[in-house]
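Okay, thanks for coming, everyone. Let me put the structure up and then walk you through how it is put together.

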Amino acid sequence: MLNLLAISGSLRAASTNSALVAALAANAPADCRVTVYDGLGRLPIFNPDDEGERTPREAAGLIDAVTRADGVIVSCPEYAHGVPGGMKNALDWLVSRDAAVGKPAMLVHASPLYARAALAEIMRTMSFALHEETALEIALLGKKPVEIEAILAKAENRLAMQNAVQAFADFIRTR
C-alpha cells in the first residue's frame, strides 16, 4: 500500500483545489491511500531562525507528513500569476529538510495555470522528483460547489483521477 499525501494550496472554504484533492483521495486505486493535508492555514510564516529544535509544532507536522509519505500530490491555485503565499510558505518549511529530497511529487490542476511552471521549478529546485508524464487537469474554476461535485462525480473524471494516481504510483514503484 502506497501512502500519498495530497496538499491543496488554497485556504478557501469552497476551494476547487481542495475539492480536487478530496476527490483524488476518494477515487484512489485500491493499492494507494491518499491522505489530505489540512494544516496549510495553521503554518506560521517561515523563519529560518525557527528551524531545528525551535521548529513550530505545525511545521514539524507538515515535515513529518511529507517524510512519511511515499509521494506528494499538490493541487494549487495561482494568485496574480504566482504561487500563493500559503503554499510557498509550506514549501519554505521543507527547503532545508531531507523530506523533499528525492520525494516523488505530482501536480494536478483544477484550472489552467500560468504559475504551474513556477511551482514546478520551485519543487524541482527543492529536489522533489517531479512526475510530469501524466497531467491531470479537471476544469473547476468558477464553478459553484454543486457543479464541482457533479463534475468530479462524472465517470470519466473519476477514471481520469484513478489513472493519474495509478500512473504516479507506478512512477514511485519504479524509482
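This is a predicted model: local features need pLDDT of at least 70, side-chain atom pairs count only at pLDDT 80 or more; totals for chains, interfaces and linings use all residues.

**Helix packing, then the sheet**

So, start with helix H2 (residues 57-68) and helix H3 (residues 85-94): they pack at an angle of about 75 degrees, and their axes are 9 Å apart. H2 and H3 are therefore roughly perpendicular to each other, a label for angles of 65 to 115 degrees. Axes here are lines fitted to C-alpha atoms, for helices over the stretch in contact, and angles run from 0 to 180 degrees between N-to-C directions. Helices (H or I, at least four residues) and strands (E, at least two) are DSSP runs, numbered from the N terminus.

Who makes the contact, meaning heavy atoms within 4.5 Å? On the H2 side we have Ala59, Leu62, Ile63 and Val66, and on the H3 side Ala90, Trp93 and Leu94. Those contact residues come out as seven nonpolar, no polar and no charged.

Residues are numbered from 1 along each chain as its sequence is written, and side-chain values use heavy atoms, with hydrogens and water left out.

Now another pair. Helix H5 (residues 145-153) packs on helix H6 (residues 155-173) at about 70 degrees, with the axes 5 Å apart. That makes H5 roughly perpendicular to H6. Ile151, Leu152 and Ala153 of H5 meet Ala155, Asn157, Arg158 and Met161 of H6. This contact is five nonpolar, one polar and one charged.

On to the sheet. What is the strand order? It's S2-S1-S3-S4-S5, an open sheet of five strands with parallel pairing; two strands pair if DSSP finds at least two bridges between them. Strand S2 (32-37) and strand S5 (129-137) are at the edges with a single partner strand each, so one side of each has no neighbour in the sheet. The twist averages 25 degrees from one strand to the next.

Strand S1 (residues 2-8) runs parallel to S2, joined by six bridges; Asn3, for one, has Arg33 of S2 as its bridge partner. And back to H2: that helix lies across S1, S2 and strand S3 (71-75), at about 135 degrees to S1.

Zooming out, the protein has six helices and five strands, running β-α-β-α-β-α-β-α-β-α-α from the N terminus. Along its principal axes, the C-alpha trace spans about 50 × 35 × 25 Å.

Definitions and conventions:
Angles under 35 degrees count as roughly parallel, over 145 as roughly antiparallel, 65 to 115 as roughly perpendicular and the rest as oblique. Contact means heavy atoms within 4.5 Å. Ala, Val, Leu, Ile, Met, Phe, Trp, Tyr, Cys and Pro count as nonpolar, Asp, Glu, Lys and Arg as charged, and the others, Gly among them, as polar.
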